[in-house]
Amino acid sequence: MTSQAADGPETVVASRRSKITPEREQEFYDAVLEQIRECGYDSLTMEGVAASTRCSKSTLYRQWKTKPQFVAAALRANSCPRFSGIDTGTLAGDLRAMAQAAGNWSGRDSQLHQALGHAVFQDKELQEALRDALVEPEIGAVKEILARGVARGEVAADHPALEFIPAQLFGVVRVRPVLEGRNADAAYLTQFVEAVVIPALGLT
């Protein structure tokens with residue numbers, strides 16, 4: 001019996017996967033998300049990604065098996081808490097800084113959400129990956145910023161508006177492209193924070 005046979009199929013697959021470097025893997029993920037933004041989820045194919053990244057489609061199928069698994073992996077690999085590091089010393093200052101940060105990436109994220117469309121609701125793994133990559137990290141960061149404001153005594157812990165701040169911030173980012181055909185850029189989000197969020201919390 002050869003050593004490869006003795007190792008079994010799982011070891012052979014692991015050996016094949018190990019040939020893809022982290023840099024090359026990220027290149028695949030970037031290509032997947034870019035094609036979704038440009039063409040939509042339904043038009044994305046493993047063959048198209050293989051062609052754009054100059055690899056064989058068998059390499060992609062061996063690594064990720066199906067399109068939903070591939071997209072889910074790409075979403076998780078590109079998870080990046082965009083509000084991390086924001087701490088101006090005041091809750092109002094943090095909210096304004098968040099508006100600026102959100103405006104810098106809202107276009108690409110909104111484009112990705114729209115391009116994924118109904119596929120997110122039809123595939124549970126895809127839905128969970130989207131939440132892991134683009135929803136939960138930001139919501140967690142917003143809640144942390146609000147908690148610091150409560151700890152500093154800037155807003156009461158039982159203030160009724162606190163619960164709805166994450167939904168307000170992310171809702172306006174997602175809905176403006178639908179209502180007005182424009183992204184919620186930094187200027188728009190800053191105005192929203194000044195006119196709606198800060199007054200709702202009783203801040204100045």
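In this report, Ala, Val, Leu, Ile, Met, Phe, Trp, Tyr, Cys and Pro count as nonpolar, Asp, Glu, Lys and Arg as charged, and the others, Gly among them, as polar. The model is predicted, so local features need pLDDT of at least 70 and side-chain atom pairs count only at pLDDT 80 or more, while totals for chains, interfaces and linings use all residues. Residues are numbered from 1 along each chain as its sequence is written, and side-chain values use heavy atoms, with hydrogens and water left out.

**Pockets**

On a 1 Å grid over the protein atoms alone, a pocket is an open set of points with protein on both sides within 12 Å along at least five of seven lines, a cavity is a set where a 1.4 Å probe fits but cannot get out, and lining residues have an atom within 4 Å of a point. Grid points are joined across faces, edges and corners, and a volume is the space filled by probe spheres set on the points. Helices (H or I, at least four residues) and strands (E, at least two) are DSSP runs, numbered from the N terminus.

The largest pocket has a volume of about 380 Å³. It is lined by 15 residues, of which His113, Leu130, Arg131, Val135 and Arg174 are the closest to its centre. Helices H8 (119-122), H9 (124-151) and H10 (165-180) each supply at least two residues of this lining, and H9 gives the largest share, six residues. By type, the lining of the largest pocket has nine nonpolar, four polar and two charged residues.

The second largest pocket holds about 200 Å³ of space. Of its 14 lining residues, Leu33, Arg37, Asn78, Arg82 and Arg108 are the closest to the centre. Helix H3 (22-39), helix H7 (91-116) and H9 each supply at least two residues here. The lining of the second largest pocket divides into seven nonpolar, one polar and six charged residues.

**The cavity**

A search of the whole structure finds one cavity of 30 Å³ or more. The largest cavity has a volume of about 70 Å³. Its lining consists of Phe83, Met98, Ala99, Ala102, Trp105, Leu169, Phe170, Val173 and Leu189. H7 and H10 are the elements that give two or more residues to this lining, with the largest share, four residues, coming from H7. The lining of the largest cavity has nine nonpolar residues, no polar and no charged.

**Salt bridges**

Side chains of opposite charge can pair when their charged atoms come close. A salt bridge is a side-chain nitrogen of Lys or Arg within 4 Å of a carboxyl oxygen of Asp or Glu. The structure holds 12 salt bridges, including these:

| Pair | Closest N to O |
|---|---|
| Asp87 and Arg148 | 3.7 Å |
| Arg96 and Glu194 | 2.5 Å |

Arg96 is partly exposed at 30%, and Glu194 is partly exposed at 35%.

Arg148 and Glu144 are four residues apart in helix H9, which means that about one helical turn separates them. Salt bridges that share partners join Asp87, Asp94, Glu144, Arg148, Arg152 and Glu154 into one network.

Note on methods. Buried means under 20% relative accessible area, exposed over 50%, partly exposed in between (1.4 Å probe, protein chains only).
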